[in-house]
Amino acid sequence: MKKRVSLLPAIAALLMASIAGADTATLILTNASLIDGNGGPILSDATIEVSRHKISNVYVGSFDTSVDAGTQVIDLNGAFLMPGLWNNHSHLADLLPDPKNTLENESSIDATIRAGRNAMDALRTGFTSLRVVGESEYIDVAWRNAFDAGVFVGPQIYASGPPIAAVGGHGTEMNGPHVEEASTVEEIRAAVLEHVGNGVDLVKIMVDELSTEQIEAAIKTAHANNIKIVGHAAEPGASIAVSLGIDGIEHGYGLTDETIRLMVAKNTFYDPTVVCNLSAEYIRDRERHVDLAGYQSTDSARAGRVLVAYADERTPEFAERQRKILSKAIDAGVQIISGSDSNPIDEIGILEIEQLVHSGATEMEALQAATRNSAAMMGVLDRVGTIEVGKTADMIVLQKSPLQNISNLRSVSAVIRNGHAVQLITNEGRADFWSLYFLDEQTGSD
Ligand SMILES: [Zn+2]
């Protein structure tokens with residue numbers, strides 16, 4: 001938390017003061033270095049107008065200073081403005097590792113509270129949208145509804161409820177999100193319909209445990225009900241699911257060249273969850289990168305993210321294989337999206353985007369994975385994902401260019417969610433997520 005305070009310049013305070021509670025006001029951000037999310041070069045001296053919750057004007061060139069009363073103009077002084085980030089493989093309440101055995105000793109109410117805290121922390125780091133791919137008891141739907149209604153200020157949640165798995169399959173033996181088990185085609189169909197009835201935006205199936213008929217039934221039922229469907233998948237299940245028209249592949253362990261070609265042809269999105277595929281060497285390498293970028297992490301963030309990385313440590317061969325698969329997928333033109341799997345999303349979600357670059361993506365490809373491609377995957381690119389007229393004003397302001405160094409995503413000085421500036425400074429006395437769930441008190445930063 002200390003890090004954020006020190007990076008917070010006056011513009012966040014200005015933004016806060018200018019648009020707090022003023023739904024009808026127009027906000028004009030001038031002198032922005034605009035990364036609009038469409039992949040083009042940075043547009044310097046850009047002006048972005050926000051009216052109510054939407055981006056109402058975007059132009060480049062000198063700004064006419066005569067404005068209506070009630071319009072607030074803020075000079076960004078060349079700071080970088082880009083679309084708000086997405087984390088596409090979120091489990092709001094999960095803990096991996098779980099050194100304090102929290103998961104087995106808590107009620108779902110406790111888990112729900114942690115889930116909301118995680119989501120709200122993520123928003124302050126710049127994640128204006130979270131796609132959730134597996135949550136017990138529709139905790140994600142509850143938080144989505146609470147954020148949508150304005151009960152709390154949070155990111156836009158795309159909820160999936162419990163993952164759908166085979167009886168006794170992945171997740172049924174773990175302490176993570178409870179899964180819904182289905183053993184027949186009929187039960188799969190019923191499970192998807194139950195999710196639809198509970199208001200999900202997408203479903204996630206555990207592809208590798210299901211029969212081809214079950215995968216097909218799940219995809220058809222989801223699409224017939226206008227929701228997206230993604231699959232936790234390794235080969236050969238991934239290939240089957242892609243050929244049957246699944247919208248996205250999560251993890252994609254061992255994806256073959258043939259499946260990668262098929263994903264391009266079928267416009268299947270790929271969420272490589274790089275943080276789940278790191279060898280010890282990659283973990284050390286990653287820490288060096290963050291150090292080199294010059295961002296001072298708190299002791300607890302540093303200790304915590306290393307702890308999280310080692311919980312999923314892979315052999316060098318496994319890590320190398322997945323890294324090659326990601327490079328091949330990028331080169332082939334598969335649409336990559338960014339999703340961290342592990343928590344807390346504020347730190348691990350940023351690491352995931354950094355990791356895309358350390359695995360061969362360009363900075364622009366990584367930024368688009370976390371913005372435009374994510375919105376396209378969920379079918380909401382007409383509403384969010386880029387900075388264009390008519391879209392929801394979900395944007396972040398960075399002091400340094402993320403195209404120069406992806407770790408400059410850590411230089412966030414303002415987050416605008418739905419046209420409102422988010423309060424970045426947290427209340428004094430609040431425990432950090434790491435000390436709450438991961439670290440002994442001695443290791444914590446305060
Ligand atoms: Zn997961």
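This is a predicted model: local features need pLDDT of at least 70, side-chain atom pairs count only at pLDDT 80 or more; totals for chains, interfaces and linings use all residues.

Tutor: The C-alpha centres of domain 1 and domain 2 lie 29 Å apart.

Student: Okay, and which residues belong to domain 1 and domain 2?
Tutor: The domain assignment puts 2-83 plus 394-421 in domain 1, while domain 2 covers 85-377.

Student: How many residues of domain 1 are in contact with domain 2?
Tutor: There are 20 from domain 1, and they are in contact with 27 residues of domain 2.

Student: Which elements give two or more residues to that side of domain 1?
Tutor: Helix H1 (2-7), strand S5 (80-83) and strand S16 (412-417). S16 gives the most, with 3 residues.

Student: And how do the residues on that side divide into nonpolar, polar and charged?
Tutor: You get 10 nonpolar, 5 polar and 5 charged on the side of domain 1 that touches domain 2.

Student: New topic: strand S15. Are its residues Met395 and Val397 buried or exposed?
Tutor: Buried, on one side of S15 (residues 395-398).

Student: Why two sides, though?
Tutor: Because side chains in a regular strand alternate between the two faces of the sheet.

Student: In what sense does S15 pair with S5?
Tutor: Antiparallel, over 4 bridges. Phe80 stands opposite Leu398 of S15.

Student: What about S15 and S16?
Tutor: That pair is antiparallel, over 4 bridges. Met395 has Ile416 in S16 as its bridge partner.

Terms used: Residues are numbered from 1 along each chain as its sequence is written. Domain bounds come from an automatic or database domain assignment. Two residues are in contact if their C-beta atoms, placed from the backbone, lie within 7 Å. Ala, Val, Leu, Ile, Met, Phe, Trp, Tyr, Cys and Pro count as nonpolar, Asp, Glu, Lys and Arg as charged, and the others, Gly among them, as polar. A residue is buried if 20 or more other C-beta atoms lie within 10 Å of its own, exposed if 12 or fewer, and partly exposed in between; C-beta atoms are placed from the backbone. Two strands pair if DSSP finds at least two bridges between them.
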